[in-house]
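Dear colleague,

Here is the structure you will be taking over. My notes on it follow below.

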Amino acid sequence: MSNFSEFHLPTALENSLKKIGFHTPTLIQKKAIPILLKNQDLMACAQTGSGKTGAYLIPMLAKLIAHPKSQGMVLAPTRELAQQISDFLQSLIFDPKQIHVTRLIGGQDIRKQFKSLQRKPQIIIATPGRLIDHLKRNTVQINKVDHLVLDEGDRMIDMGFAPQLEKILKFLPK
């Protein structure tokens, strides 16, 4: 794969990639995107700055464009990483009215998060603790999530998030 057009992505997504200067997929993107576009599970490791975030967000967006009733979720161990993921995702979204994203992280006004959740987001980016807080309050529904990413999953386990991840998994569809 020498360019993103070889993945046969939706035109709007390809245009967004060109707009932000993404022309040639990185190694992790070349390997991951075709697998994820086939709805297969994937566990991948790559260095910081290698394009991992694009490797999972690009196919997630492609699937959500094709199936607007689908929902994706990205869990990240820290609010800083969740913010970075959210910022990159916003640069990929060609029409913010078409794809609504909600970020659920600690240290931010939970009332704004409630309002954002009422708009029924297609993509939720969250830290485990804040997501569990919303699940306990019954302000978020994740039983229709069909695209789940654990960004830095190994780090989440190392940081002691395994019990929280197990709780979250109980709310997800099989």
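Helices (H or I, at least four residues) and strands (E, at least two) are DSSP runs, numbered from the N terminus.

This is a predicted model, in which local features need pLDDT of at least 70 and side-chain atom pairs count only at pLDDT 80 or more, while totals for chains, interfaces and linings use all residues. Residues are numbered from 1 along each chain as its sequence is written, and side-chain values use heavy atoms, with hydrogens and water left out.

H5 spans residues 110-118, and its buried residues are Ile-110, Gln-113, Ser-116 and Leu-117. Buried means under 20% relative accessible area, exposed over 50%, and partly exposed in between (1.4 Å probe, protein chains only). These four residues lie on the same side of H5 because they cover an arc of only 110° around the axis, the arc being that of the directions from the helix axis to the C-beta atoms. An α-helix has 3.6 residues a turn, so residues three or four places apart point the same way. The face of H5 turned away from the buried side carries the exposed residues Arg-111, Lys-112, Lys-115 and Gln-118.

**Sheet**

The open sheet has 4 strands in the order E2-E3-E1-E4, with parallel pairing; two strands pair if DSSP finds at least two bridges between them. E2 (101-104) and E4 (145-150) are the edge strands, each pairing on one side only. Strand E1 (residues 71-75) pairs with strand E3 (residues 123-126) in the parallel sense over 4 bridges. Met-73 has Ile-124 in E3 as its bridge partner.

**Cores**

The largest nonpolar core has 29 residues, and Leu-57 and Ile-123 have the most contacts inside it. Such a core is a set of buried Ala, Val, Leu, Ile, Met, Phe, Trp, Tyr and Cys residues joined through side-chain atoms within 4.5 Å. Helix H1 (11-19), helix H3 (52-66), helix H4 (79-92) and E3 each give two or more residues to this core; H3 gives the most, with 8 residues. Leaving aside neighbours within four places in sequence, Leu-57 is in contact with Val-74, Ile-85, Phe-88, Leu-89 and Leu-92. A second, separate core of 17 residues includes Leu-117, Leu-131, Phe-161 and Ile-168.

**Confidence**

The protein averages a pLDDT (the predictor's confidence in each residue, from 0 to 100) of 93, and 99% of the residues score at least 70.

Regards

Terms used:
Contact = heavy atoms within 4.5 Å.
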